[in-house]
Amino acid sequence: MPGVSGRSGRPKKPSAKKELAGNPGKRALNKNEPDFGLVTNIICPDWIGEYGRELWETVAPLLCREKILSATDIQNLEVYCTAYHQFRECEINIGKFGLVVTGATGGPVKNPALTAKNEAVKQMSSFGGMLGLDPSSRQRLTGSGKGKEGENPFKDVL
């Protein structure tokens, strides 16, 4: 929030992520950060639809393996997978009925599934970013990796 003392600017990167990135900064790492309980294995809730369940079974093990998922992130993963299920259901609806459908008065109107799909995509983008599921947020969580020798196979090309 702009103008609020202690809350302005970029969010702080957790010390564990700084350490993984090999970039602790100029100050010593804070070892007294709250521990929200690392999740090592989690089962998909029954109420998430089939498409969301497929995504959960793909993404959750990866997040657990990379030690990104904590107990306080589970609801983010639930919303992300639910939004993905809704996105897929909307795509099926749009494929079946088209972009334009008959409205209540008998005239053509935009298929409401288009609006629902747009909302699902926004949720996926927002909650996926919180989980590090896109390139920019993944870099924010793990760091750029600059300064690590031998990791760039193309460094000598030119």
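K122 is partly exposed, with 49% relative accessible area; the label covers values between buried, under 20%, and exposed, over 50% (1.4 Å probe, protein chains only). The model is predicted, so local features need pLDDT of at least 70 and side-chain atom pairs pLDDT 80 or more, while totals for chains, interfaces and linings use all residues. Residues are numbered from 1 along each chain as its sequence is written, and side-chain values use heavy atoms, without hydrogens and water.

Side chains of opposite charge can pair when their charged atoms come close. Across the whole structure, three salt bridges were found, each being a side-chain nitrogen of Lys or Arg within 4 Å of a carboxyl oxygen of Asp or Glu. K122 pairs with E119, with the closest N and O atoms 3.9 Å apart. Because K122 and E119 sit three residues apart in helix α4, about one helical turn separates them. E119 is partly exposed too, at 44%.

A second bridge joins K117 and E91 at 2.4 Å, N to O. Since K117 belongs to helix α4 and E91 to helix α3 (residues 74-97), this pair ties together parts 26 residues apart in sequence. Another bridge links E66 with R65 at 3.2 Å; here R65 is exposed at 57%, whereas E66 is partly exposed at 42%.

Helices (H or I, at least four residues) and strands (E, at least two) are DSSP runs, numbered from the N terminus.
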